[in-house]
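Please keep the sequence and the model in view while reading.

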Amino acid sequence: MRSNGPNESAELQRNTLRLLCSVLIKSGTRLEICHLLDPRVFQDPLQRVVFEEIRDLGTIESRRLRELLPARITNRGFPDFDLHEFLAPYEASEQDIDELFESALQLLDQSHPDEEHLSE
């Protein structure tokens, strides 16, 4: 497994959350990724809560997910949560998706360290 520094690890987590909120992936794909990821790979409490809420919302459309997420995060104890700032840049272009998927694959590798690496 790659050794990720704290900044790189935080970027992987942030990119994965951006991917999960993106309109460019299907809701079923989002849910599959969420089921494969171990929430413990999200070391920052806010990022872990965001991930858990995305996972708990299931297979809803990404636009609806982004509408519901702020209130759910606020209810979990983060009153100053701003989705636009958190996910900035808010929209992922198709060109960004490869990088975002790579981040998700690296987090999946961290979720299952004893299995074959998906990001290689």
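Leaving aside its neighbours within four places in sequence, with which residues is Gln-47 in contact? The answer is given below, after an outline of the chain as a whole.

## Overview of the chain

The model is a predicted one.

The chain has 120 residues, and 44% of them are buried. Among contacts between residues at least 6 apart in sequence, 70% join residues at least 24 apart.

## Gln-47 in helix H3

Helix H3 covers residues 45-57, and Gln-47 has its place there. With its neighbours within four places in sequence set aside, Gln-47 is in contact with Ala-10, Gln-13, Arg-14, Leu-17, Phe-42 and Phe-86.

Is Gln-47 buried or exposed? Its relative accessible area is 9%. A residue counts as buried under 20%, and Gln-47 is therefore classed as buried.

## Helices H2 and H3

Helix H2 is formed by residues 27-36. The axes of H2 and H3 come within 9 Å and cross at roughly 125°. Angles of 65 to 115 degrees count as roughly perpendicular and those over 145 as roughly antiparallel; the two helices are therefore oblique to each other. The crossing in which H2 passes H3 is left-handed.

On the side of H2, Arg-30, Leu-31 and Cys-34 take part in the meeting of the two helices, while H3 contributes Phe-51, Ile-54 and Arg-55. Sorted by class, the residues of this contact are four nonpolar, no polar and two charged.

## Helices H3 and H4

Helix H3 also packs against helix H4, which comprises residues 62-75. Their axes lie 10 Å apart, at an angle of about 130°. Because of that angle, H3 is oblique to H4. Here H3 passes H4 in a right-handed crossing.

From H3, the contact involves Leu-46, Val-49, Val-50, Glu-53, Ile-54, Asp-56 and Leu-57. From H4, the residues taking part are Leu-65, Leu-68, Leu-69, Arg-72 and Ile-73. By class, the contact of H3 with H4 comprises nine nonpolar, no polar and three charged residues. Ile-54 of H3 is named in the contact with H2 and again in the contact with H4.

Helix H6 spans residues 94-111 and includes Ser-103. How is Ser-103 classed, as buried or exposed? Its relative accessibility is 4%, and Ser-103 therefore counts as buried. Apart from its neighbours within four places in sequence, Ser-103 is in contact with Leu-12, Asn-15 and Thr-16.

Gln-110 also lies in helix H6. Its relative accessibility is 19%; because the limit for a buried residue is under 20%, Gln-110 counts as buried. In sequence, Gln-110 and Arg-40 are 70 residues apart, and in space their C-alpha atoms are 9.5 Å apart.

Note on methods:
Residues numbered from 1 in each chain as written. Predicted model: local features only at pLDDT ≥ 70, side-chain atom pairs only at ≥ 80, totals over all residues. Heavy atoms only, no water. Buried < 20%, exposed > 50% of the residue type's maximum accessible area, 1.4 Å probe, protein only. Contact = heavy atoms within 4.5 Å. Helix = DSSP H or I, 4+ residues; strand = E, 2+ residues; numbered from the N terminus. Axes fitted to C-alpha atoms, helices over the stretch in contact; angles between N-to-C directions. Parallel < 35°, antiparallel > 145°, perpendicular 65-115°, else oblique. Left-handed = near helix turned anticlockwise from the far one by under 90°. Nonpolar A, V, L, I, M, F, W, Y, C, P; charged D, E, K, R; others polar.
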